[in-house]
Amino acid sequence: MSELVDRIVANTVRLEVKLWACQARLEADTDPEALHDLRTTVRRLRSLLRPLRGLPGVVQLEMSASQVGVLTTPLRDLEVLAAHLHKNGYTGQAQRRLQQLAGSYARVADSEQLAQLLMILEVFPRFLRAAEREGLLRGLRQRIEKVLEKQWQTLEKALNDPGHDRHRVRLLIKRVRYAAEAYPELNQLPPLVLARLKGAQQALGEWHDAWQWLLQAGQQADLQPCVAQWQATLEHGEKRADKALVKLSAACFHS
């Protein structure tokens, strides 16, 4: 048991260090990947915490991580759209969205949400150690394994549903991927399965981007020149994503 707790604590500290580094990069406002790395680190933290629900301090930490996600999601969406517009020659549209982002990285770095997350994360290992001393972590390995197994079962059920929601499946794939990274000793993935998860997530991500941008084009007139391209990307993305999901299902559940 102690070995498992040691690994969880070490993982928590590693993620805390990464978050502090992301905060510094955001404050400097010179790193185009800082916001993305912050969000990925928060997602990894949430994957680490999900199987620990019910233990002291987990609810507060999960809530703080969620609030950072809510704060940064619209900024990341804007960032991705601006990069896409610039890459495809829509310079004016890209520049307008970059102007909307001006100063936002520093505001995230100085935000109450991120400060609270870092504060709670700093003391979280002490909660875990105290829970261990008080015998609250008995059966922890089985608890984690049960949660991980349920995540896979939920994904399998979604993939077997002919009318599955692609967006929900994308989130479920992220969940099992990051959980496997958080607990590799309990959820080791064969290389083929890992490759299929990554491929499906990427295909669904491209489809989701086009879907989101088309929604925005209905409200933002300067995006109208992009609609035909995005519609084609959406249709192509649906087919590509569906093929990737068939391969994923075969690799994970029918081997």
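A residue is called buried when its relative accessible area is under 20%, exposed when that area is over 50%, and partly exposed in between. The structure described here is a predicted model. With a relative accessibility of 19%, cysteine 252 falls under the 20% cut-off and therefore counts as buried. Cysteine 22 is also classed as buried, at a relative accessibility of 2%. As for links between cysteines, a disulfide requires two cysteine sulfur atoms within 2.5 Å. By this rule, the number of disulfides is 0.

Salt bridges are present, and the structure holds 14 of them. One of these joins the side chains of glutamate 185 and arginine 7, with an N to O distance of 3.3 Å. Arginine 7 belongs to helix H1, whereas glutamate 185 sits in the loop that runs between helix H8 (166-182) and helix H9 (191-217), so this pair ties together parts that are 178 residues apart in sequence. Glutamate 185 has a relative accessible area of 28% and is partly exposed. Arginine 7 is likewise partly exposed, at 30% relative accessibility.

Arginine 25 takes part in two of the salt bridges described here. In the pair with aspartate 31, the closest N and O atoms are 2.5 Å apart. In the pair with aspartate 37, the closest N and O atoms are 2.7 Å apart. Since aspartate 37 lies in helix H2 and arginine 25 in helix H1, the latter pair ties together parts that are 12 residues apart in sequence. The relative accessible area of arginine 25 is 25%, which makes this residue partly exposed. Aspartate 31, at 23% relative accessibility, counts as partly exposed, and so does aspartate 37, at 25%. Elsewhere, salt bridges with shared partners join Glu3, Arg7 and Glu185 into one network.

The loop between helix H1 (2-28) and helix H2 (34-49) contains aspartate 29. Most residues other than glycine have a negative phi. Aspartate 29 is not a glycine, yet its phi is positive, at about 60°.

Arg46, Lys157, Arg168 and Arg175 together make up a positive surface patch. One of its members, lysine 157, is found in helix H7, which spans residues 140-159. Lysine 157 has a relative accessibility of 66% and counts as exposed, because this value is over 50%.

Helix H7 also holds glutamate 149. Glutamate 149 is partly exposed, its relative accessible area being 44%. In sequence, glutamate 149 and valine 176 are 27 residues apart, and in space their C-alpha atoms are separated by 9.3 Å.

A further pair of positions involves helix H4 (residues 91-101), where leucine 98 lies. Leucine 98 and alanine 82 are 16 residues apart along the chain, and the distance between their C-alpha atoms is 6.4 Å. Leucine 98 counts as partly exposed, at 44% relative accessibility.

Notes:
Residues are numbered from 1 along each chain as its sequence is written. This is a predicted model: local features need pLDDT of at least 70, side-chain atom pairs count only at pLDDT 80 or more; totals for chains, interfaces and linings use all residues. Side-chain values use heavy atoms; hydrogens and water are left out. Helices (H or I, at least four residues) and strands (E, at least two) are DSSP runs, numbered from the N terminus. Patches are made of residues with over 30% relative accessible area and no salt bridge: like charges are joined within 9 Å, nonpolar side chains (Val, Leu, Ile, Met, Phe, Trp, Tyr) within 5 Å. Accessible areas come from the Shrake-Rupley method with a 1.4 Å probe; for residues, only the protein chains shown count as cover. A salt bridge is a side-chain nitrogen of Lys or Arg within 4 Å of a carboxyl oxygen of Asp or Glu. Lys and Arg count as positive and Asp and Glu as negative; His and the chain ends are not counted. The place of a charge is taken as NZ of Lys, CZ of Arg, CG of Asp or CD of Glu. Buried means under 20% relative accessible area, exposed over 50%, partly exposed in between (1.4 Å probe, protein chains only).
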